[in-house]
Amino acid sequence: MVRNLSRNGQKTLFYVGCACVGAYVAYRYWKKRLLKSIDEGFEEVAKMDDTNERRILLLGLEGSGKTSLMNQATASNSNSTYVVPPPPTHGFTVYRLGNGQYTYNVWEIGGAEDTKQYWNNFLQDTDLLVFMVDASSDLHKLSIAVSTFKQLLGDSRIDNVPILVVANKQDVSNALRPEEIAEALDLISISPSKHKVEVIGCQTRPLPSNLPRGTKEYTYHHPSVDVVQKKIFVMANS
């Protein structure tokens, strides 16, 4: 009788063990399906974010007017105020623009010599490269802008990325016209199959003459800033 009880106990333990193993396998299968479902959910959210957001990289030498452009573009979007003259960007600043359908995250990277060395860290996953040129600069500074632009084009991470060149400070009497900046940068030599390139003029001054004396904060923006902004919206989706 003792032997029979021992055999019955072994059978019971065997069945309980099978049940535990089965339950564990079922749990692992359920958990795997759940995690897969969660991952797929995150992928769908990521796709949604990628669909509705664009990443714009704004580069240019120090003093080319990047911060002034973005201050006025932000003001035209939200009627927020900005200070003139704006402090130069050291490091980077991210601006958010929108047209009702998409959100455009504009990464403005400082153009000083100690910051330019980090430009390459921001080239990845760019939907549009905006390169700003001070069209009123002297030949030496213009030549630096040209060589800097050529170096950017040599980076494979921006292959097939559209490029918008902004010839800024068109209000200055000796400023080169957009077509002259295009010639200086030799834009005609860029293969259309590699980059879609456009050049546009812009200015952020002069400020209106009827502003109260001593005014430091503004919501004013030059009409050419709106033109640049619309061009950014179009090209970032091309």
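Of the 238 residues in this protein chain, 38% count as buried (under 20% relative accessible area with a 1.4 Å probe, protein chains only). The model is predicted, so local features need pLDDT of at least 70 and side-chain atom pairs count only at pLDDT 80 or more, while totals for chains, interfaces and linings use all residues. Residues are numbered from 1 along each chain as its sequence is written, and side-chain values use heavy atoms, with hydrogens and water left out.

**The chain as a whole**
- You can find 6 helices and 8 strands here; these are DSSP runs (helices: H or I, at least four residues; strands: E, at least two), numbered from the N terminus.
- Starting at the N terminus, the order of elements is α-β-α-β-β-β-α-β-α-β-α-β-β-α.
- Among contacts (heavy atoms within 4.5 Å) between residues at least 6 apart in sequence, 74% join residues at least 24 apart.

**The sheet**
- Six strands form an open sheet in the order S3-S4-S1-S5-S6-S7, with mixed pairing; two strands pair if DSSP finds at least two bridges between them.
- At the edges lie strand S3 (92–98) and strand S7 (197–201), each pairing on one side only.
- Strands S3 and S4 (residues 103–109) run antiparallel and are joined by 7 bridges.
- Look for Thr-93, whose bridge partner in S4 is Glu-108.

**Helices on the sheet**
- Helix H4 (residues 139–153) packs on the sheet and touches S1 (53–60), S5 (128–134) and S6 (163–168).
- Helix H6 (residues 223–235) also packs on the sheet, touching S1, S3, S4, S5, S6 and S7.

How values were computed: Axes are lines fitted to C-alpha atoms, for helices over the stretch in contact, and angles run from 0 to 180 degrees between N-to-C directions. Buried means under 20% relative accessible area, exposed over 50%, partly exposed in between (1.4 Å probe, protein chains only).
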